[in-house]
Each structure stands twice: as structure tokens, then as C-alpha cells.
Amino acid sequence: MFASERSRPRPGVQTAGAHMGCWGPVLPLLAAILLLTVLMPPAKAQTGVSQLDQLCSERETNVAYKACLRRYFIGVDRELNRVWKQVIAAIRRNDYLEPKLRKKWERRLREAQRNWVRFKEIDCNDAVGYEWWGGSGAGSAISFCLIRHTILRTENLKERYISNR
């Protein structure tokens, strides 16, 4: 491909920022909020969204907003790691399975968790990235996806291994 061909827009594809007018700086935020509204289930995960909205919505620059999203993701990831330790402890103190089966259960759950992490990373970093290809909201959409998956996985593990025990 020649350099001159790379700079030409593809037919029928609008370049990022074209015809946005005064909505340009606000559009990534609105798109991310819409994405969360559509993708987030109600109830527990909604709490995380409202906290995120309170923490990050007043950031004045895109850089500050993305930094806020990153800090929020670090927090929900820490919570997942805290819950994960409780899950492993719950399996280990289980008294209705013999030790050999408890070890197999833990091994299989660890394998499932590794596969979940791989899914989350591919879904958010790749699939969502392509959905937002060339758009200024891609970074925020990826962050929201990571946050959403992490909150949902944390709630799932709590319900299965901690709340019911």
C-alpha cells in the first residue's frame, strides 16, 4: 500500500471526529454511559456503575477521565482478588468432599478463572476495540468493559461461594 492510499478515507466510512461539532469532547462520555446502560444488568453491578459515574463524570479532560476509569478498574480488580482468596478458602474448608476431590475442584476452578481472564481480555481489548475502531471513545469503552466483566465475576463468585455458605 502506498503512503497516499493510507491517508485516504475508505468509501462510506466517516473518520473519527468528522461532523461532531460541539459534541466532540462529550461524545466519548455519552457513548460510554450508553454502553454501560445497555450492558450492565440491574441490581448489584449497577452500584458499581453509579459509583463510577460519581467518581469520573466530572473530569474535565479525556486524559483525566481515562485515568479515573483506570483507578476504578484497579479498585474492582482488587475486590475480585480479595473475593478470590475467600473462594479458595471456602473450597479448602469444605467438609463434604474428600481432600483429593477438593484439590481437583480447586484446580478446575483455577483453570476456569484463567479462562475467564483470557475471555475478559480478548472481549474487552480486542472485540470492543474493533467495535470502536478509530473512535476517540475506544479507550473508555475498553475500560468500561473491563470494569463491567470484573464486577460481574466478583458478584458471581460471591453468590456461589461466599453468600450461600
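Before I turn to the helix pairs, let me say that an axis here is a line fitted to C-alpha atoms, for helices over the stretch in contact, and that angles run from 0 to 180 degrees between N-to-C directions. What you see above is a predicted model, in which local features need pLDDT of at least 70 and side-chain atom pairs count only at pLDDT 80 or more, while totals for chains, interfaces and linings use all residues. Residues are numbered from 1 along each chain as its sequence is written, and side-chain values use heavy atoms, with hydrogens and water left out.

Let me begin with the overall fold. The protein chain has six helices and zero strands, where helices (H or I, at least four residues) and strands (E, at least two) are DSSP runs numbered from the N terminus, and along the sequence the pattern reads α-α-α-α-α-α. Of the 165 residues in the protein chain, 33% are buried, buried meaning under 20% relative accessible area, exposed over 50% and partly exposed in between, with a 1.4 Å probe and protein chains only. Among the contacts with a separation of 6 or more, 63% are between residues 24 or more positions apart, a contact being heavy atoms within 4.5 Å.

Now to the packing of α4 and α6. Helix α4, residues 62-92, packs against α6 at an angle of about 20°, with the two axes 9 Å apart, and α4 and α6 are therefore roughly parallel to each other; angles under 35 degrees count as roughly parallel, over 145 as roughly antiparallel, 65 to 115 as roughly perpendicular and the rest as oblique.

The α5 side of the contact includes W105, Q113, C124 and G129, and the α6 side includes I142, C145, R153 and L157; the contact of α5 with α6 divides into twelve nonpolar, five polar and four charged residues.

Q113 lies in helix α5 and counts as buried because its relative accessibility is 10%; setting aside residues up to four places away in sequence, Q113 touches L80, W84, R153 and L157. G129, also placed in helix α5, counts as buried because its relative accessibility is 13%, and beyond its neighbours within four places in sequence G129 is in contact with C124 and I142. The C-alpha atoms of G129 and S140, eleven residues apart along the chain, are separated by 9.9 Å.

Finally, the covalent link. A search of the whole structure finds one disulfide, defined as a pair of cysteine sulfur atoms within 2.5 Å, and it is formed by C124 and C145, whose sulfur atoms are 2.1 Å apart. This pair links distant parts of the chain, with C124 in helix α5 (residues 99-131) and C145 in helix α6 (residues 138-163), 21 residues apart. The torsion about the S-S bond of C124 and C145 is about -75°, so this disulfide is left-handed, and both C124 and C145 are buried.

Methods
Nonpolar A, V, L, I, M, F, W, Y, C, P; charged D, E, K, R; others polar.
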